[in-house]
Amino acid sequence: MRNWAGNYEYEAEDVRHPSSVSQVSSELMGIAKVRALGTRHSFNDMADSTTIIETGPLGEHLELNVDRTEVTVNASMTYGRLSELLQPLGFALHNLASLPHISIGGAISTATHGSGMGNGNLATAVRGIELATSSGEVGRLVHGDDELDGAVVGLGALGVVTKVSLEVQPAFEIAQFVYDDLSQAVFAENLDDIMGAGYSVSGFTRWDGSVEQVWLKDLVADDGPPRTELFGAKVATEDRHPIRGLSAEACTAQLGEPGLWSDRLPHFRLDFTPSAGEEIQSEFFVEWTHALHALDAIHAIGDRLADALLISEIRAVKSDELWMSPHHRRDSLALHFTWGPDQSAAEEAATLVGDALADFDARVHWGKVFAPQHANVSSYERVDDFIDLVTRFDPRGAFRNPWFDRIFEPS
């Protein structure tokens, strides 16, 4: 059994497929070591254990509370499916990741994110979670509980997240434009203005002197001049794939064509499964005040990354109060790296990046490839509170696994 990218083979000896929360609860009481698994989009062994509980069979549940502007769904539901269900109801989420194929439970547990100077990661929309613990108990944490901020980005260590309540807002439309060939110098000189030029902005580069594409997703305006250029970069006249030369068939519509939030905020369309088995990913986050120095540091090693790198994406993420979010109390510059399918080359390149960013107190995306020494858990102000929370929710350590021990034992 492999993950979505195909770079990791799970070592689990037993895989369970409970179809209800009560079954999850009863299963957990008899399992020594266990982890929950959703859509398998982690690139490391974070979700592996002796026993795995697949959450997909839990089915489809949606409950909309209009007065509270809140929707409650199964954690195993994907963001793409939730988007489909919200559309006829006239509601939206504040943001989406580049792929709509990921499960809600897995995304919030790892602080997966989209982009936008004013947008928090996907976990910041959480208003409550239902959690099945290793004792077999099923409990709920809601907005206002201090523990909720510790449990949302729970890294799979507290229990099986079975339901999630998310804040929703009225549906909105986005228009997406792509701008070609902006020099790295101009991009860096105008970083705040470029990243703040739309609702969600991404820069794609190979660190070779050019930001090849800037993807700008903005709220649809009734007036204003056409967006023909961005700091000298010309608007693309045909749809682009983030990796130059690849077909844009799988990508969301561009060229300024208005569309629903759910059809523009991701980079890839729900009815396509892009790049499966063809890539490995890493991502690092630095506080926005260090953004320019961090960009310089990666430029300096760009030639050493070239053989492993397919493309790199630069994004912005707003700060939050979630204890183990990489954006905890930090407006962040996100530096994403898509490597080719060579695991050893990806690990070596990710280590180079982590070393280059160490002086800027960089944090990592928990579900992607990084060297353990770059986890930087000491930079999280409430890491001790998180470890206490894990111990209280899982006193027998059923959800502890080799990944967790590598990251947290040194602390």
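This is a predicted model: local features need pLDDT of at least 70, side-chain atom pairs count only at pLDDT 80 or more; totals for chains, interfaces and linings use all residues.
Colleague: Why is the meeting of Lys368 and Glu283 called a salt bridge?
Modeller: A salt bridge needs a side-chain nitrogen of Lys or Arg within 4 Å of a carboxyl oxygen of Asp or Glu. Lys368 and Glu283 meet at 3.7 Å, N to O. Residues are numbered from 1 along each chain as its sequence is written, and side-chain values use heavy atoms, with hydrogens and water left out.

Colleague: Where in the chain do Lys368 and Glu283 lie?
Modeller: Lys368 is in the loop between β20 (363–364) and α11 (383–393). Glu283 is in strand β17 (residues 280–287). They are 85 residues apart, and the pair links distant parts of the chain. Both residues are buried. Strands (E, at least two residues) and helices (H or I, at least four) are DSSP runs, numbered from the N terminus.

Colleague: Which residues do salt bridges with shared partners join into one network?
Modeller: Asp180, Asp181, Glu238, Arg240 and Arg244. The whole structure has 30 salt bridges.

Colleague: What makes Arg40 and Glu54 a tie between parts of the chain?
Modeller: Their side chains form a salt bridge, at 2.8 Å from N to O. Arg40 sits in the loop between β2 (34–37) and β3 (51–54), and Glu54 sits in β3, so the pair ties together parts 14 residues apart in sequence.

Colleague: Why is Glu54 called buried, and why is Arg40 called partly exposed?
Modeller: Buried means under 20% relative accessible area, exposed means over 50%, and partly exposed is in between (1.4 Å probe, protein chains only). Glu54 has 11%, so Glu54 is buried. Arg40 has 25%, so Arg40 is partly exposed.

Colleague: How do you know that Arg227 and Asp218 form a salt bridge?
Modeller: Their closest N and O atoms are 2.5 Å apart, which meets the cut-off. Arg227 is partly exposed at 28%. Asp218 is buried at 17%.

Colleague: What makes Asn119 buried?
Modeller: Its relative accessible area is 6%, so Asn119 counts as buried. Asn119 lies in the loop between α3 (104–109) and β7 (126–132). Leaving aside neighbours within four places in sequence, Asn119 contacts His94, Asn95, Tyr199, Val317 and Lys318. Contact means heavy atoms within 4.5 Å.

Colleague: Why is Phe91 called buried?
Modeller: The value for Phe91 is 13%, so Phe91 is buried. Phe91 lies in strand β6 (residues 91–92). Apart from residues up to four places away, Phe91 touches Leu64, Val66, Leu86, Val168, Gln169, Pro170, Ala171 and Trp261.

Colleague: How do you know that the radius of gyration agrees with a compact globule?
Modeller: The rule is 2.2 Å times the number of residues to the power 0.38, taken over C-alpha atoms. For 411 residues a compact globule would be near 22 Å, and the chain has 20 Å, so the two agree. Buried residues make up 59% of the chain.
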